[in-house]
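Hello,

Please have a look, and then read on for what turned up.

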Amino acid sequence: MRRIMGGRVLLAMLPLLFWGVVNAADNRVTVEPGQAYFMYHCETCHLPNGTGTKLLARRVGADKSLLVRRTDLVGDYVRAVVRNGVGGMPWFTRVEVTDAELEEIVNYLTRNNPR
Amino acid sequence: MAASSSRRADVAPRQLTRFLKAVAAEIGDEWVFDSATDVASYQDVFALGDPRLHSPAGAVAPLTAAQVQTIVRLANRFKVPLWTISRGKNFGYGGAAPVMRGVVILDLTRMKRIIDVDEKLAYCVIEPGVGFYDLHAYLRANGIRLWMSCLGNSLGSVIGNALEHGTGITPYADHAMNLCGMELVMPDGDIVRTGMGAMDDNPTWHLSRHGYGPGWEQMFTQSNFGVVTRAGMWLMPEPEGTLSMTMNADKPEDIRWIVDTLGELRTKRIITQATTVRNYMRWAALDSVRSDWYDGPGAMPDEVIERIRQKYGVGWWNINFRLYELPEVNDAHARFIEEKFKAVTDNRFEISRWRQGDPPALSGESLPGVGSMQMVNWAGGRGGHVGFSPVLPLNGELAFAQFDRTRVRMKEFGFDYYGSMYLWERAITVISQIFFDRDDAQMLERVHGLFRALIADAAQNGYGEYRTHIDFMDDVARSFAFNNHALLRWNEKLKDALDPNGILSPGKQGIWPARYREEA
Ligand SMILES: Cc1cc2nc3c(=O)[nH]c(=O)nc-3n(C[C@H](O)[C@H](O)[C@H](O)COP(=O)(O)OP(=O)(O)OC[C@H]3O[C@@H](n4cnc5c(N)ncnc54)[C@H](O)[C@@H]3O)c2cc1C
């Protein structure tokens, strides 16, 4: 019998597809906290071919449809979308995606924005 | 009887504040919610009208069964009704939203422990916050060769879905039947373990469906008699092989021979999975929106349907199922199935096989996904859907008649027909999806009109729904009318005995506690 005690069933078991960054020096895959939360809460719809990606391709164009590649997402916009939903995207309660997790996700999705 | 959405919890603001404060003292401030944004986040994602009609007053999110006990006791003390959710992703049936506005959501999302997984006896013991993705990731990460039964929308909870009588499409598709051994917090705050679990440390709690004395478990599904804080779920051992069979049929009437032929194979347990038959709309809605095909009012005309079928190469009806376990047995069964179908149609099956050692992607394992969420956007705008799902005898003629009645009604109200049928061993669930634009008030009116007409049509033919949206829980409950609604009266008698303050999920499945019943 296997047990895991308490807490969230989270980082230990990252989902199927992987956005990890492979470190050239030692070939280790590293995952930022924001990336891990994104993978856990968002990725299933925002992978290539996910329902989020498909609908965004219709609304904002194919080149902007993949969130992890975006360089123009504004933090407050991401916060508003996650808390209120947008179009076909359901929103998230603060129990499911905590404020702290959302901040990590915002950091991750805006990491490539020009400064 | 008033519509369920017109009722409101009679909780004074001061009383609510005192309750939330008392809960916060026990579980921590950060897990008690009553801001406008938080309240809105528990409204129905696909509301069939003004979402505020089903708005809670707040939410509390415990981590442990002991905290659930505390909250239920405090709710009794302050007379604040609760609405239990596991993960609250009950999209199409109300999401996280309660039947009655003004209640406090008891959100079990944080109760995420996977307590045991036993590979040999093929079961797990989990808490209600464990999602399909969580359990799947855990099985994968630990190399456990057990298969789950997942959904078109797998964002929800394994236990929450099973408690709602949710279904998949595997031999373990009737999820409520996989539940074995529960722990419950009762309306008075007591904690009860069912079946063999009523004995301290009995190792068969999650292995034997029968304990000693009456079996209570199914009474806590689709009900408001208790809060499930953990449950055993049976899982499917990874099979030696699978064999997939696919066939299309050209005409709406073909559903007659499809259901009768598949039905016999289901009853004999040659086919062990919940077999689905779906119309062309599935392919269209998964890939496109309505305006890609047709912009006119009313249901799409036949020539548009023809174009859809051409584009995706699908039939009017589409059959797909798998055979599971020993490849040699699967082959023998497939031959038997082909013979049965040769007697009724010239169409032939497309067959593909998988066995241990072949690429796992071809196995047909049911994996968590959200692919079906795409369909919800069919009508345009901010999409939504609601399903109408009466249960019929497993009989082709009756299934055809139900399908045809529904199709005519949907056309009358201006909706495209989307049908899928789930074949069980002796019954069939005939599911019709109604897709709508959440912001089109006139369309939502039509949804309500259509839905009530469908409930009445089905009841007139002797059929009832297996599950329904929070807007229609009273309507469907009323359609179960034998002996002046004896079953509903019995449920309410039980409700009053177990939960005299009417704390747990008032109005769930039409079961109202005395305190709110008078308004009915
Ligand atoms: C596109 C799409 C496809 C879908 N496909 C499917 C499908 O294939 N099969 C299917 O079954 N559903 C399907 N659904 C419906 C729904 O999304 C799922 O059934 C979902 O799993 C239900 O949400 P949940 O698991 O979070 O349960 P919850 O919303 O947490 O629970 C459902 C209900 O059960 C009761 N309940 C929950 N937890 C407890 C508890 N601990 N104690 C007592 N009572 C409790 C409550 O009344 C609650 O309202 C689909 C929905 C959409 C939009």
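**Inside the cavities**

The residues that line the second largest cavity divide into seven nonpolar, five polar and four charged. Before going further, please keep in mind that this is a predicted model. The second largest cavity holds about 140 Å³ of space. Its lining has 16 residues, and A:Thr93, B:Arg87, B:Gly88, B:Lys89 and B:Ala96 are the ones that lie nearest the centre.

How many cavities of 30 Å³ or more are there? The count comes to four. In the largest cavity there is about 180 Å³ of space, with 16 residues in the lining; A:Tyr40, A:Glu96, B:Arg87, B:Tyr133 and B:Leu155 lie nearest its centre. Two elements give two or more residues to this lining: α1 (33-41) of chain A and α4 (132-141) of chain B. The largest share, three residues, comes from α4(B). By type, the lining of the largest cavity divides into five nonpolar, five polar and six charged residues.

**A strand in chain B**

Next, please find strand β14 (residues 317-324) of chain B. Seven of its eight residues are buried, so the strand is largely enclosed by the rest of the structure. Which strands pair with β14(B)? One is strand β12 (residues 241-249) of chain B, which runs antiparallel to β14(B) over eight bridges; here B:Met245 has B:Phe321 as its bridge partner. Another is strand β13 (residues 275-279) of chain B, also paired in the antiparallel sense, over four bridges. In β14(B), B:Asn320 is the residue that stands opposite B:Thr276.

**A helix in chain B**

Last comes helix α11 (residues 441-460) of chain B. At 1.5 Å a residue, its 20 residues should span 28 Å, and the end C-alpha atoms are 29 Å apart, which agrees. Among the buried residues of α11(B) are B:Met443, B:Leu444, B:Val447, B:His448 and B:Phe451. B:Leu454, B:Ile455, B:Asp457 and B:Ala458 are also among them. As a reminder, an α-helix has 3.6 residues a turn, so residues three or four places apart point the same way.

What do the buried residues of α11(B) pack against? They pack against β16 (383-388), α10 (396-412), β19 (427-437) and α12 (473-479) of chain B. Just after α11(B), B:Gly462 takes a positive phi of about 90°.

Enjoy looking around!

Best wishes

Definitions and conventions. Residues numbered from 1 in each chain as written. Chains lettered and ligands numbered in written order. Predicted model: local features only at pLDDT ≥ 70, side-chain atom pairs only at ≥ 80, totals over all residues. Heavy atoms only, no water. Buried < 20%, exposed > 50% of the residue type's maximum accessible area, 1.4 Å probe, protein only. Pairing = 2+ DSSP bridges. Expected span 1.5 Å × (residues − 1). Contact = heavy atoms within 4.5 Å. 1 Å grid on protein atoms, 1.4 Å probe; cavity = no way out; pocket = protein on both sides within 12 Å on 5 of 7 lines; lining within 4 Å. Points joined across faces, edges and corners; volume = space filled by probe spheres on them. Nonpolar A, V, L, I, M, F, W, Y, C, P; charged D, E, K, R; others polar.
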